[in-house]
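Here is a short report on a protein model.

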Amino acid sequence: MRESEKEEKLKEYDTRHHFWRDKVFNQMAYSINLFLTIGFGLMGFMISQKDQYSDWTINSTNDFNWNVIFFFITMLITFLSIIIGTISVTSRLFDLRFTSNILKTRKKTLKNFDKLLSDDFPDETNDKNLISYFKVMFGKNYRISDKDYLNLELLEQKFMTLRGLTRQLGRLSWITHKVQIVVTLIAVLIYGFLIVN
């Protein structure tokens, strides 16, 4: 294969990759929002039905009222699904925000320093994905600002930190969404069993 044909094929593969990656991101956002909506809908419906299950008394001489127990378990699991879905949505939003900042930084670095920043990711850290998420959520600012362009070495360090953070947040989005799906389905199945019973 000639070099020009190879370059052309690589460009074609890049175009395909970008197209399908965008499709995956859009479908993921749709899926997260769908399951979050199901969680909120189920929770709202269950709250409207709680009067039917409010006569729960603990009495050791009587049998347990399994319908009440299943109802409250379903409410708890649905609430957990909503929390997990919220983490998934917000970690995805932070990931997109930081990715945008990375692209802006690449452009400004090339313009100001005539230097290309690395495409590599930093070495894995010991920080767990969820810990990094809470650091971002509750105050630590990782974004690269205009004053960071005064020192190229510091800029490169912050850039690599941001790259590692986007990888962690991206992973967290996928992990929490998978858990969100499973937990929501469990809640729906338990509530379905409750209705049939």
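## Pockets

The lining of the largest pocket divides into 7 nonpolar, 7 polar and 8 charged residues. Here Ala, Val, Leu, Ile, Met, Phe, Trp, Tyr, Cys and Pro count as nonpolar, Asp, Glu, Lys and Arg as charged, and the others, Gly among them, as polar. This is a predicted model: local features need pLDDT of at least 70, side-chain atom pairs count only at pLDDT 80 or more, and totals for chains, interfaces and linings use all residues. Residues are numbered from 1 along each chain as its sequence is written, and side-chain values use heavy atoms, with hydrogens and water left out.

Rolling a probe the size of a water molecule over the atoms shows where empty space is left. On a 1 Å grid over the protein atoms alone, a pocket is an open set of points where a 1.4 Å probe fits, with protein on both sides within 12 Å along at least five of seven lines; lining residues have an atom within 4 Å of a point. Grid points are joined across faces, edges and corners, and a volume is the space filled by probe spheres set on the points.

The largest pocket holds about 570 Å³ of space. It is lined by 22 residues, and Arg21, Phe25, Asp95, Thr99 and Arg163 lie nearest its centre. Helices α1, α2 and α4 each supply at least two lining residues of the largest pocket. The largest share, 8 residues, comes from α2. Helices are DSSP runs (H or I, at least four residues), numbered from the N terminus.

The second largest pocket has a volume of about 180 Å³. Of its 14 lining residues, Thr125, Thr161, Gly164, Leu165 and Gln168 are the closest to its centre. Both α3 and α4 supply at least two residues of this lining. The largest share, 6 residues, comes from α4. By type, the lining of the second largest pocket divides into 4 nonpolar, 5 polar and 5 charged residues.

## Helices and a loop residue

The table lists two helices. The expected span is 1.5 Å times one less than the number of residues.

| Helix | Residues | First to last C-alpha | Expected span |
|---|---|---|---|
| α1 (3–49) | 47 residues | 68 Å | 69 Å |
| α2 | 48 residues | 68 Å | 70 Å |

Which residue takes a positive phi just after α2? Asp114 does, at about 55°. Asp114 is found in the loop between α2 (66–113) and α3 (129–137). Asp114 counts as exposed, because its relative accessibility is 68%.

## Aromatic pairs

The structure holds 7 aromatic pairs. Rings of Phe, Tyr and Trp (its six-membered ring) pair if their centres lie within 6.5 Å; planes under 30 degrees apart count as stacked, over 60 as edge-to-face and the rest as tilted. The ring centres of Phe71 and Phe72 are 5.5 Å apart and the planes stand at 85°, so this pair is edge-to-face. Phe71 is buried at 0% relative accessible area, whereas Phe72 is partly exposed at 36%.

Tyr133 and Phe134 form an edge-to-face pair, 5.2 Å centre to centre with 65° between the planes. Tyr133 is buried at 3%, and Phe134 is partly exposed at 36%. Ring pairs link Tyr133, Phe134 and Phe138 into a cluster.

Technical notes: Buried means under 20% relative accessible area, exposed over 50%, partly exposed in between (1.4 Å probe, protein chains only).
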